[in-house]
Amino acid sequence: MESLTVHDLTAAYSLDALDPDESREYEAHLAHCERCQRELAALGGAAASLAYATEAPAPPAALRDRILTAARAERENVVPLRPRWTTAAKVITAVAACLAIGFAIWAASLTRTLDSTRDARDQANRALAVVSDPTAQRLPLKGASGSLVVGRSGDAALIVNQLDTAPSGKTYEAWVIQDGMPRRAGTFAGGGDTSVVPLDHPVPKGASVAVTIEKSGGVDAPQGRAVLSTQPV
Amino acid sequence: MALMARSDETALAELYDRYGRVAFGLALRMLRDEALAEDAVQEGFLAVWRAAARFVPERGKASTWILTLVHRRAVDIVRREERRRADSLELAPEPATAAADDDAWLRFERERVQAALKQLPDPQREALELAYYGGFTQTELAERLGQPVGTIKSRMFTGLARLRELLGENEEAWSPSPSTT
């Protein structure tokens with residue numbers, strides 16, 4: 001069984017003591033192993049605390065300026081943000097989502113896709129690109145807490161809070177529905193505080209998004225119960 | 001809201017002011033070269049910047065994330081710099097004198113973590129230190145220490161788990177902020 005040995009890699013991964021192949025193997029496993037996700041959260045904190053045991057002179061003041069200047073230069077290439085979110089609640093949701101994503105990337109636990117062959121980190125980055133775009137449109141979900149985030153190009157991600165893990169043998173499947181025609185947009189397992197799901201299908205203007213419960217692996221057309229949906233974008 | 005009033009950049013500056021020094025200390029210990037350490041810190045902080053549209057400069061959560069990213073950058077660099085890795089094999093004792101201009105919080109944290117480390121059995125502490133500060137992979141550690149990889153894995157696991165207990169870390173400090181839609 002791969003899991004027996006892969007479970008063992010959590011401590012080494014926390015310490016960045018795996019070679020690239022082992023890391024990839026572990027991250028792929030982590031994506032769907034809740035035990036390892038919990039363990040990594042615990043051991044990762046202990047590993048990071050080792051940073052505090054070091055002694056060093058203060059970094060040169062120029063470093064601070066350099067970092068802030070580089071950060072500013074990167075942001076200037078982005079459309080200046082005029083926050084769309086107008087209520088405090090929306091801001092908090094966005095902040096929480098970004099924070100959650102930060103951890104997700106760190107833990108590589110973002111991808112809860114059961115049948116994904118893509119690299120977990122790649123998927124995390126795609127979701128992040130959408131969710132962290134300040135010009136993206138955000139729609140509330142009906143049927144669940146969270147939001148649908150749609151970038152200008154139509155790239156989209158779902159942020160769903162407190163969604164129970166899909167029952168055994170089942171998966172959540174997302175759909176992009178345009179002109180009454182549902183198109184597959186990816187499967188995910190749910191669970192945890194927040195599921196962040198990059199959609200495999202763009203969401204054009206006028207389309208809406210829904211999530212149903214389907215048999216593991218997903219299906220070609222929605223058959224199961226709908227758990228959430230959105231207004232048309 | 002306070003969060004809205006603060007610009008992103010101010011938030012990044014706050015994070016740097018709070019964790020930049022720890023990050024630099026870590027990178028310097030790993031890389032033994034100020035210029036390389038600065039690179040690792042800069043790349044780590046910029047990774048944070050790219051990854052979050054907005055920061056919540058809250059201790060305990062952001063810090064682990066930042067230090068993890070800086071550590072990862074430093075590991076990448078240390079693995080490129082074979083020459084320095086040979087040096088870091090020796091578990092050089094920490095400098096006896098702390099920098100005089102340390103802030104009290106940092107000194108407190110340092111003493112707390114150092115005290116916890118001292119309580120670990122030598123083989124566990126050695127595995128953690130060589131892996132975390134030395135940037136060695138578990139396979140390299142097994143070779144250098146003449147132990148099976150399984151032994152190294154188990155030392156790292158037991159050492160980290162024990163360290164966590166000694167530091168009184170709890171899981172609550174780990175969950176992302178609850179959402180409130």
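Figure 1. pLDDT is the predictor's confidence in each residue, on a scale from 0 to 100, and helices (DSSP runs of H or I, at least four residues) and strands (runs of E, at least two) are numbered from the N terminus. In this predicted model, local features need a pLDDT of at least 70 and side-chain atom pairs count only at pLDDT 80 or more, while totals for chains, interfaces and linings use all residues. Residues are numbered from 1 along each chain as its sequence is written, chains are lettered from A and ligands numbered from 1 in the order in which they are written, and side-chain values use heavy atoms, with hydrogens and water left out. Where pLDDT is low, the predicted coordinates should not be read in detail. Chain A averages a pLDDT of 76, and 75% of the residues score at least 70.

**Figure 2. The fold of chain A.** Chain A contains 7 helices and 8 strands. Of its 233 residues, 58% count as buried, which is to say under 20% relative accessible area with a 1.4 Å probe and protein chains only. Among contacts in chain A between residues at least 6 apart in sequence, 59% join residues at least 24 apart.

**Figure 3. The open sheet of chain A.** Four strands of chain A form an open sheet in the order β1-β2-β3-β6, with antiparallel pairing (two strands pair if DSSP finds at least two bridges between them). Strands β1 (137–140) and β6 (194–198) of chain A stand at the edges with a single partner strand each, so one side of each is left without a neighbour in the sheet. Strand β1 of chain A runs antiparallel to strand β2 (residues 145–150) of chain A, and 4 bridges join them; within this pair, A:Gln137 has A:Val150 as its bridge partner.

**Figure 4. Confidence along chain B.** Chain B averages a pLDDT of 78, with 71% of the residues scoring at least 70. Confidence in chain B is lowest in helix α1 (residues 2–5), at a mean of 32, and highest in helix α7 (residues 122–132), at 97. Over residues 53–60 of chain B the pLDDT is below 50, and this stretch has 29 contacts in the model beyond near neighbours in sequence. For the model as a whole, ipTM is 0.83 and pTM is 0.59.

Terms used:
Buried < 20%, exposed > 50% of the residue type's maximum accessible area, 1.4 Å probe, protein only. Contact = heavy atoms within 4.5 Å.
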